[in-house]
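Dear colleague,

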Amino acid sequence: MLRVAVCVSGGGTNLQAIIDALKSGKIRDAQIVRVISNNKNAYALTRAQNAGIEGVCVSPRDYENREKFNEALLECLKEADPDLIVLAGFMVAVPANVIEAYRGRIINIHPALIPSFCGKGYYGLHVHEKVLQRGAKVTGATVHFVDEDLDHGPILLQKAVEVREGDTPEVLQRRVMEEAEWILLPEAISLIAQGRVTIDGNGLTHIADTDQ
Ligand code: GRF
């Protein structure tokens, strides 16, 4: 049974997609052992509670400096003893101590097709604003492993989403969530739970067939 910790900051629709996929059996052999939020008001914590999952807030505001927060976050993760950490709309740069402790075991969902529209400043609605400003005709979402550089680690899954005439950032964000994010993130967890994902020495991921 893959033990999954999910880190969130906001509404938690991606968390909900994971909870629903676990319930429906789309993800097997996995369980969410803890939801961690940096924001005590995140609706994601209510979603966790409604699903009977432990939710914990670790906020930078409650610590005197970043280092103390980083230690507390790592401690909170360690207590949950996860095999996999899923960043589902987690608006905190993952500290180096956490990356080090869980190398190759942290995945993130980014609402664009990496390496486009990613990196510094590309978060939340800004990603979709920039896609529209550039006039891109296709966007999407990417699930990738997390390393020290922002939106940079090995790519696991991607799905393209059409940009349509008249889209606003909000409309596009919603389409990217519905058509890509809420599908890809549960799929990624399922693949990892089945032991089908490997990362090679070149930082490329490989997904084994089910019969292997
Ligand atoms: C998603 O678009 C995710 O890709 C981004 O933040 C948003 C989180 O939404 N990083 P939610 O909290 O899962 O509803």
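Predicted model: local features only at pLDDT ≥ 70, side-chain atom pairs only at ≥ 80, totals over all residues.

The shell around the ligand consists of G10, G11, G12, T13, N14, G89, M91, I109, P111, M177 and E181. Sorted by class, these residues are four nonpolar, six polar and one charged. Two helices, α1 (13-24) and α6 (169-193), each contribute at least two residues to this shell.

- A polar backbone atom of G12 lies 2.8 Å from an oxygen atom of the ligand.
- For N14, a polar backbone atom is 2.9 Å from a ligand oxygen atom.
- In the side chain of E181, an N or O atom is 2.6 Å from an oxygen atom of the ligand.

The ligand on its own exposes 360 Å², and the protein buries 89% of that area.

As to the pocket, the ligand takes up the space of the largest pocket. This largest pocket contains about 760 Å³ of space. It is lined by 38 residues, of which G89, F90, M91, N108 and Y123 are the closest to its centre. The lining comprises 17 nonpolar, 15 polar and six charged residues. At least two lining residues come from each of α1, β5 (106-110), α5 (125-134) and α6. Of these elements, α1 and α6 also each supply at least two residues of the shell around the ligand.

With kind regards

Definitions and conventions:
Residues numbered from 1 in each chain as written. Heavy atoms only, no water. Near = heavy atom within 4 Å. Polar contact = N/O pair within 3.5 Å; in protein donor to acceptor, adjacent residues only side chain to side chain. Areas by Shrake-Rupley, 256 points an atom, 1.4 Å probe, with all protein chains shown as cover. 1 Å grid on protein atoms, 1.4 Å probe; cavity = no way out; pocket = protein on both sides within 12 Å on 5 of 7 lines; lining within 4 Å. Sits in = over half its atoms within 2 Å of the grid points. Helix = DSSP H or I, 4+ residues; strand = E, 2+ residues; numbered from the N terminus. Nonpolar A, V, L, I, M, F, W, Y, C, P; charged D, E, K, R; others polar. Points joined across faces, edges and corners; volume = space filled by probe spheres on them.
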